Amino acid sequence: PDYLILGQHLFTGQGYTVSGRPELHYAPLFPLITGLLYPFTHNMKLNSDIAFVLFGTLMLLPFYWLAKRLFGVRIAVIATAFLCLFPALTASVLFWGTMLEPLYLCLLYAALCAVWVAWEKQNVVDYLAAGALFGLAYLTKPEAFVYFGLMFALLILANLGRRSLLTRHTVAGLLGSVLAFALVISPYIAFLYHHTGRIMVSGKLGVTYVAGQGAVD
């Protein structure tokens with residue numbers, strides 16, 4: 001429920017807080033999206049349900065597109081039908097989850113589509129889109145930082161193998177994707193720096209480590 005409390009507080013003048021103190025653990029995009037609906041619904045539970053259904057449905061589109069490009073229409077249809085029943089998006093998250101998984105996965109798959117198009121067309125705009133979408137995914141769950149690094153490394157290796165790494169469009173695209181990613185996440189990084197005095201990729205890691213160690217002990 002902390003995500004929903006954050007969203008409500010954002011749009012009722014209480015800032016990005018849960019219990020009166022700035023929140024440094026949870027990423028801000030899901031609270032921002034659900035909070036945007038609060039002035040209209042005044043029901044954060046309903047807002048969470050709307051986001052869950054909306055982004056869970058939208059996620060089918062980039063997933064189908066990727067599956068079609070990889071394996072053809074028949075496999076894409078079957079895989080997308082299975083995805084509609086995927087426990088991580090249906091049953092299990094209702095009992096153990098934060099309800100932001102559909103938003104996160106929707107952005108992640110959209111970013112992967114942009115990576116694919118950037119690889120095929122070598123268009124700077126597509127590289128920018130990939131970086132920006134990975135940035136939005138990061139603002140949903142910081143784990144997306146790893147995916148961005150992996151896809152960036154993959155694009156470098158693939159272009160190296162195709163002998164197009166040092167072409168103008170590729171260099172501009174790769175640099176542009178990093179810049180787009182950095183610009184999208186920069187407000188949150190600045191927020192963390194303002195309250196901690198340190199440049200941090202995420203405020204989640206330290207808290208998660210301490211909580212995990214406590215559980216192990």
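I took helices as DSSP runs of H or I with at least four residues, numbered from the N terminus. The model is predicted, so I kept local features only at pLDDT of at least 70 and side-chain atom pairs only at pLDDT 80 or more, while totals for chains, interfaces and linings use all residues. Residue numbers start from 1 along each chain as its sequence is written, and side-chain values use heavy atoms, with hydrogens and water left out.

Entry 1, salt bridges. I required a side-chain nitrogen of Lys or Arg within 4 Å of a carboxyl oxygen of Asp or Glu. Searching the whole structure, I got 2 salt bridges. As background, side chains of opposite charge can pair when their charged atoms come close.

I placed both residues in helix α4 (residues 44-58), where they sit 4 residues apart, about one turn of the helix. For accessibility I used relative accessible area: buried is under 20%, exposed is over 50%, and partly exposed is in between (1.4 Å probe, protein chains only). Lys45 is exposed because its value is 52%, whereas Asp49 has 27% and is therefore partly exposed.

I also noted the salt bridge between the side chains of Arg69 and Glu120, 2.5 Å from N to O. Arg69 belongs to helix α5 (residues 60-71) and Glu120 to helix α8 (residues 101-121), so this pair ties together parts 51 residues apart in sequence. Arg69, at 37%, is partly exposed; Glu120, at 39%, is partly exposed.

Is Asn159 buried or exposed? Its relative accessibility is 0%, so I list Asn159 as buried. I found Asn159 in helix α10 (residues 144-161). Its side chain makes a polar contact of 3.3 Å with the side chain of Gln122; I count N or O atom pairs within 3.5 Å, where within protein one atom must be able to donate a hydrogen and the other to accept it, and residues adjacent in sequence count only if both atoms are side-chain atoms. Leaving out residues up to four places away in sequence, I listed the contacts of Asn159 (heavy atoms within 4.5 Å). Among them are Trp119, Tyr127 and Leu165.

I defined a core as buried Ala, Val, Leu, Ile, Met, Phe, Trp, Tyr and Cys residues joined through side-chain atoms within 4.5 Å. The largest has 46 residues, of which Phe30, Phe134 and Tyr138 touch the most other members. Helix α8 gives the most to this core, with 10 residues.

Terms used
Helices (H or I, at least four residues) and strands (E, at least two) are DSSP runs, numbered from the N terminus.
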